[in-house]
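This report concerns a predicted model. Please consult the sequence and the coordinates shown here before reading on.

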Amino acid sequence: MANTVLVGAQWGDEGKGKIIDVLAEEADWVVRYQGGNNAGHTVEIGADRYVLHLIPSGILHDGKRCIIGNGVVVDPVALLEEIDGIEQRGIRTGGRLFVSDRAHLVFPYHKRIDEYREQKPATGAKIGTTKRGIGPTYGDKAARVGLRAGDLLEPHFADMLRQRIETNNKIIATFGGPPLDVEQTVETYRAVAARLTPYVADTIPMVHQAISRKEPILFEGAQGTLLDIDYGTYPFVTSSNATSGGACTGSGVPPHRVDRVIGVIKAYSTRVGEGPFPTELKDEMGERLRKIGNEFGATTGRPRRCGWFDLVVARYSAMVNGIDDWAVTKLDVLDDVDEIKVCVAYEFDGRRYETLPASVRVLEGCRPVYESFSGWRCSTKEARARDELPAACREYLAALARLTGAPISILSNGPRRENTLRLDRAGSMIAP
Ligand code: GDP
Ligand code: IMO
Ligand code: MG
């Protein structure tokens, strides 16, 4: 296996956790490079279900080593809870999980400010964040006032944190919120620092040693391309680069050491939170996709908005990520649909859009232009090879490959490991 970046090509929740779990078998290292515990990556192994927020999904494979890279924002309390949760289920993390000393830390004031900004948005428009403090933490990073995991080891950590709490208490007061107890918070984080210290490391030489030893690395993207701070539907985005370039800046791997970029894409579309979603279905069909696809957030439990597959989004994602091949997930969710629609372009104000417009105003007004495909009306769940899929299903997939210009190498027809068709291994990729 080559060094592979796996990115979400839509609005997140494409099934990245599941595909990472499948691919992790062939990797030595699994690296998260951006986002924080706003992510919720689900892995189902037999009757066991795991939802990972900060720990790379590779941790579920014995012997694989996992890195939380410098581009990730880490809520240390949430990370310790997650570590405890999986250790209780018999998964060892000691000596296998490393947190970059350059990763920025999320503190309670970040979460509070995230919440207040959502309650009283300065622009008047709510983003619908996960309220995990992600935006304020990346904001502090860019403003050069953040604290990093390495600071937990500094002798003056308590002083630095005390100063940050005092400053942020003034910001909290502007929202009319009660101040954080400075000394109590400092004490809590002293204890957290003591527990987290064994995991903190300079992960950059680790990544480079892995490269020189030819130990394959799998980069686990969080969120999705349309939630990327630069390429997404700004301002309705997260605060990091969820696209493939983020793997380099968020882990220290040089661009020319990335060999392959896999885009994970659902056979339809979902979005959670506010913001434009041209193919959204606010009708019975949308309800059906939500129900059959069990489209409820893995982190917040919020119902996900559902809609048809959007080729404008997929082509744009293929372009900005440099997607070599697709992993198409949740194919089985379409098993009972008579007519499947795919958006091939948008129309707004008499103009046709083949690529994603930057303006949210334009995007919100865009009307999708659909092409229809006939459904297959039978179960795909039992298929273990491409030829076992119904003809109409193969036609739908061939159209997705052709219209996006990238081949399909992996198909997912259920949440479990065994519900995966490795077309790349079987020499049966669906070519564009
Ligand atoms: P991620 O954030 O991209 O890792 O995705 P989530 O875990 O948030 O959401 C994907 C959901 O779909 C999870 O509940 C998975 O167990 C489930 N899932 C993944 N692949 C498939 C699939 O092919 N079919 C079905 N029915 N469910 C799937
Ligand atoms: P995974 O990795 C889906 C969305 C939120 C909100 C916006 C900003 O599981 O695919 P934030 O808390 O990041 O400031 O919220 O981004 N969002 C996600 N949506 N999947 C995710 O992660 C998401 N992480 C953030 O709903 O619209
Ligand atoms: Mg998710």
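Gly40 counts as buried, with a relative accessibility of 11%. Asp13, by contrast, is partly exposed, its relative accessible area being 22%; the cut-off for buried is under 20%.

Asp13 belongs to the loop between β1 and α1, while Gly40 belongs to the loop between β2 and β3 (41-45), so the pair ties together parts that are 27 residues apart in sequence.

## Sheet

The model contains an open sheet of 10 strands with mixed pairing, in the order β9-β7-β5-β2-β10-β1-β11-β15-β19-β20. At its edges stand β9 (200-201) and β20 (420-422); each has a single partner strand, so one side of each is left without a neighbour in the sheet.

Strands β11 (residues 260-266) and β15 (residues 325-329) run parallel and are joined by five bridges. Val264 has Ala327 in β15 as its bridge partner.

## Helices across the sheet

Helix α1 (residues 16-24) lies across β1 (4-8), β2 (29-32), β10 (217-220), β11, β15, β19 (408-412) and β20. Its direction is at about 165° to β1.

Helix α7 (residues 203-212) lies across β2, β5 (65-68), β7 (97-100), β9 and β10. The angle between α7 and β7 is about 125°.

Notes: Residues are numbered from 1 along each chain as its sequence is written. Chains are lettered from A and ligands numbered from 1 in the order in which they are written. This is a predicted model: local features need pLDDT of at least 70, side-chain atom pairs count only at pLDDT 80 or more; totals for chains, interfaces and linings use all residues. Side-chain values use heavy atoms; hydrogens and water are left out. Two strands pair if DSSP finds at least two bridges between them. Helices (H or I, at least four residues) and strands (E, at least two) are DSSP runs, numbered from the N terminus. Contact means heavy atoms within 4.5 Å. Axes are lines fitted to C-alpha atoms, for helices over the stretch in contact, and angles run from 0 to 180 degrees between N-to-C directions. Buried means under 20% relative accessible area, exposed over 50%, partly exposed in between (1.4 Å probe, protein chains only).
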